[in-house]
Structure formats: C-alpha cells, structure tokens
Amino acid sequence: ERSALSKTLGHVATQGVGLVVADPFLREGTGVGLLFHLRGDDKLLQTALAGYEAKIRQRHADVKDYTYQIGPHTVRHLLTPDRTVWQHRVRVDDVELVANSKAVIESVLAVKAGQKPSLADAGEYRFFRALTPFGQQTEDGYAYLSDAFVLKAISPRTKVLQSRRLL
C-alpha cells in the first residue's frame with residue numbers, strides 16, 4: 001500500500017528498491033521481501049512504515065510486536081494470530097528489509113555475512129548485467145530470474161509441493 005508521502009517523496013528517501021521472492025507462487029503464498037536502499041537519513045521511510053503500522057493496528061486489535069536476533073541483527077516481527085499480518089523487519093547498514101518470511105530475512109542476512117553466495121557475484125548475472133548495464137537515468141527496473149530459480153520452479157519437487165498446496 002503506497003501512501004501519499006511515499007508517492008511524493010519515495011525517490012528522495014531511497015536510491016532503489018529490490019524484490020526478493022522464494023519461489024514463483026505468489027498467489028498461493030511465498031516468501032517475499034522488499035529491500036529499500038536508503039538515501040542517507042531514513043526518517044521518510046520510517047515515517048511511511050509507521051503510518052502503515054498505525055493502519056494495521058486500527059484494523060487489527062490483536063497485533064503483537066516481538067523482536068528476535070539473527071546474529072548481530074535485531075529483527076522486528078509484527079503479527080496477528082491468524083497471520084493476516086506477518087511482517088519481519090531489519091535494518092542492515094543502508095538497507096531496510098521488510099519481509100513476510102523469516103526465511104527471506106535469514107537468507108538475505110546470510111548473503112550479507114558472506115555465508116551464502118551473492119547474486120551480484122554470480123557469473124550468469126554479471127553476464128546479463130554486462131548486456132544491460134545499469135543506468136540510473138535509463139533504468140526504471142530490472143528483473144532477473146537465475147537459471148537456478150527457474151530450474152527450481154519447474155522441478156519435480158516443486159510440482160509435488162505445489163499440488164499439495166492446492167489440496
């Protein structure tokens with residue numbers, strides 16, 4: 001949900017936004033994360049997120065707020081018992097990560113800590129980026145699906161798991 005503040009000043013608050021998805025089954029429910037690459041002071045983003053949270057609390061009186069640790073990082077978890085609200089949030093350097101899945105948070109933090117390989121270091125990603133170099137003035141967005149992501153999405157294991165979701 002975009003607020004008037006984020007529509008008007010979003011480009012001032014962030015250098016860019018990244019989307020992380022665990023698998024292609026968005027309609028059925030998958031881990032999704034938004035990475036906000038902040039531009040200096042994070043007050044604008046924090047104000048927008050606080051407004052979002054206030055609306056949640058108006059609609060859901062049973063919202064709970066917890067924190068937990070992943071390594072040196074404190075993750076905030078906002079949730080309702082029925083999982084209508086299920087948000088994990090952590091700040092790492094100049095990036096604010098908001099996700100609906102602890103696994104997405106863990107994965108991104110593992111990449112940051114050097115425990116998992118970074119997409120930026122993958123040969124196939126660097127190849128495609130060489131073909132379509134980043135240009136701040138010319139690029140509104142960039143979608144990249146790795147071979148591993150596509151192969152996982154069409155694998156027999158994924159098809160079996162998907163069929164179980166539909167039951």
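**Entry 1: charges over rings**

I began with Lys102, whose charged end sits over the ring of Tyr68 at 4.8 Å from the ring centre; I count a charge as over a ring if NZ of Lys or CZ of Arg is within 6 Å of the ring centre and within 35 degrees of the ring normal. I then looked up Arg129, which lies over the face of Tyr142, 3.7 Å from the ring centre.

I note that this is a predicted model, in which local features need pLDDT of at least 70 and side-chain atom pairs count only at pLDDT 80 or more, while totals for chains, interfaces and linings use all residues. Residues are numbered from 1 along each chain as its sequence is written, and side-chain values use heavy atoms, with hydrogens and water left out.

**Entry 2: aromatic pairs**

I found four aromatic pairs in the structure, taking rings of Phe, Tyr and Trp (its six-membered ring) as paired if their centres lie within 6.5 Å, and calling planes under 30 degrees apart stacked, over 60 edge-to-face and the rest tilted.

I checked accessibility next, with buried meaning under 20% relative accessible area, exposed over 50% and partly exposed in between (1.4 Å probe, protein chains only). Tyr125 counts as buried at 17%, whereas Tyr142 is partly exposed at 30%. I also looked at Phe127 and Phe128, which are edge-to-face because their ring centres are 5.4 Å apart and their planes stand at 75°. Phe127 is partly exposed at 48%, and Phe128 is likewise partly exposed, at 37%. Tyr125, Phe127, Phe128, Tyr142 and Tyr144 together form one aromatic cluster.

**Entry 3: Val92**

I placed Val92 in strand S5 (residues 86-92) and read Val92 as buried, at 12% relative accessible area. Which residues does Val92 contact, leaving aside its neighbours within four places in sequence? They are His73, Leu109 and Lys112, where contact means heavy atoms within 4.5 Å. From Val92 to Phe127 I noted 35 residues in sequence and 28 Å in space, C-alpha to C-alpha.

**Entry 4: salt bridges**

I searched the whole structure and found six salt bridges, each a side-chain nitrogen of Lys or Arg within 4 Å of a carboxyl oxygen of Asp or Glu. Glu53 and Arg76 meet through their side chains at 2.8 Å, N to O; Glu53 lies in helix H2 (residues 43-59) and Arg76 in strand S4 (residues 73-79), so this bridge ties together parts 23 residues apart in sequence. Glu53 is buried at 13%, whereas Arg76 is partly exposed at 23%.

I then followed Asp65, which bridges to Arg57 with the closest N and O atoms 3.4 Å apart; Asp65 is partly exposed at 35%, and Arg57 is partly exposed at 34%. The side chains of Asp65 and Arg76 also meet in a salt bridge, at 2.5 Å, N to O. Arg76 is in strand S4 and Asp65 in strand S3 (residues 64-70), so the pair ties together parts that are eleven residues apart in sequence. Through shared partners, I see Glu53, Arg57, Asp65 and Arg76 joined into one network of salt bridges.

Note on methods
Helices (H or I, at least four residues) and strands (E, at least two) are DSSP runs, numbered from the N terminus.
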